[in-house]
Amino acid sequence: MPKVKTKSSAKKRFKLSGTGKIRRKHAYKSHILTKKDTKRKRNLTKMGMVHESDEGRVKAMLRIG
């Protein structure tokens, strides 16, 4: 039986933290940046965590556990 492949789109969007939680990037950081405050843009640069309710779906896409 062949191996189950990871979703390539999920592989690019999510990373695992050291504790096993799933990290993600923030939205709204790609264009129309002139009207956004510097503090807001700086905070959007940092990685966020995937919410508990979405973790199962993301793990299924990444084929984790």
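Visitor: Is R57 buried or exposed?
Guide: R57 is exposed, with a relative accessible area of 55%. Buried means under 20% relative accessible area, exposed over 50%, and partly exposed in between, with a 1.4 Å probe and protein chains only. Please note that this is a predicted model, in which local features need pLDDT of at least 70, side-chain atom pairs count only at pLDDT 80 or more, and totals for chains, interfaces and linings use all residues. Residues are numbered from 1 along each chain as its sequence is written, and side-chain values use heavy atoms, with hydrogens and water left out.

Visitor: Which side chain does R57 meet in a salt bridge?
Guide: That of D54, at 2.4 Å from N to O. A salt bridge here is a side-chain nitrogen of Lys or Arg within 4 Å of a carboxyl oxygen of Asp or Glu.

Visitor: How many salt bridges does the structure hold?
Guide: The structure holds one.

Visitor: Where are D54 and R57 placed relative to each other in helix α3?
Guide: They are three residues apart in helix α3 (residues 52–62), so about one helical turn separates them. D54 is partly exposed, at 29% relative accessibility.

Visitor: Changing topic: what is the secondary structure of the chain?
Guide: It comes to three helices and three strands, in the order α-β-β-α-β-α from the N terminus. Helices (H or I, at least four residues) and strands (E, at least two) are DSSP runs, numbered from the N terminus.

Visitor: And what is the radius of gyration of the chain?
Guide: It is 15 Å, well over the 11 Å that the globule rule gives for 65 residues, so the chain is more spread out than a compact globule. The radius is taken over C-alpha atoms, and the rule is 2.2 Å times the number of residues to the power 0.38. Along its principal axes, the C-alpha trace spans about 55 × 25 × 20 Å. Buried residues make up 17% of the 65 residues.

Visitor: What about L16: which residues is it in contact with, leaving aside neighbours within four places in sequence?
Guide: L16 is in contact with K21, I22 and I64, where contact means heavy atoms within 4.5 Å. L16 lies in strand β1 (residues 15–16) and is partly exposed, with a relative accessible area of 45%.

Visitor: How many residues apart in sequence are L16 and R57?
Guide: They are 41 residues apart in sequence and 14 Å apart in space, C-alpha to C-alpha.
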